[in-house]
Amino acid sequence: MRLPCYLLLIAVIAVPATAAPTREPEPELRVLMKQAIEAATSFEDPYLAQVWLTDMAGRIARHAPKAMPDPAVRLRFLRLLHAEATRAGVSPELVLATIDVESRFERFAVSSVGALGYMQIMPFWIEEIGKPGDNLFHTPTNLRMGCTILKFYLDKEKGSYVRALARYNGSIGKPDYPYLVLDRLTRRWSR
């Protein structure tokens, strides 16, 4: 099932109109942002890249300041996340919400069942869709596999976020995890 219209309305009302900084950025941050925008190939135009990267970098700084304190790391991460989500055909904001729930943006997170990295990928996936030597703590590998797996489940469940997220988490039939991700999506990551 798709996100109900009333949840999208709540997201629009709950999210401030702007999450942009209220003062001029430091010169070093301007340089980093310019580099990130120029390297962001998954956006239709540079303005969209600037708006999205600035907005989402600010949100990560608010919601996961200890996991990603360095603005340069946040921008590189977001540029890569957007590219991998776009490549896979998954909403970048859904990927952010999934990471928020799965690892709280901790690159070296390890779950109690052995899932690894930002998107908490189980190591058996390396044998299934990876290649020898892949490292699930390597950000590009983790994001590519996570986005690919999430897209597979979205397709399998005909676009139902609840069922696809439950499959992603291994909790099919239990709505707690999907609803937690959808809550994060509407409260923190939707624009």
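Student: What is the volume of the second largest pocket?
Tutor: This is a predicted model, where local features need pLDDT of at least 70, side-chain atom pairs count only at pLDDT 80 or more, and totals for chains, interfaces and linings use all residues. Residues are numbered from 1 along each chain as its sequence is written, and side-chain values use heavy atoms, with hydrogens and water left out. On a 1 Å grid over the protein atoms alone, a pocket is an open set of points where a 1.4 Å probe fits, with protein on both sides within 12 Å along at least five of seven lines. The space filled by probe spheres set on the points is here about 270 Å³.

Student: Which helix gives the largest share of the lining of this pocket?
Tutor: Lining residues have an atom within 4 Å of a point. Helices are DSSP runs (H or I, at least four residues), numbered from the N terminus. Helix 6, helix 7 and helix 8 each supply at least two lining residues. The largest share, three residues, comes from helix 8.

Student: Why is the pair of Phe-77 and Tyr-118 called tilted?
Tutor: Rings of Phe, Tyr and Trp (its six-membered ring) pair if their centres lie within 6.5 Å; planes under 30 degrees apart count as stacked, over 60 as edge-to-face and the rest as tilted. These two centres are 4.7 Å apart, and the pair is tilted because the planes stand at 50°.

Student: Is Phe-108 buried or exposed?
Tutor: Buried means under 20% relative accessible area, exposed over 50%, and partly exposed in between (1.4 Å probe, protein chains only). Phe-108 has 55% relative accessibility, so Phe-108 counts as exposed.
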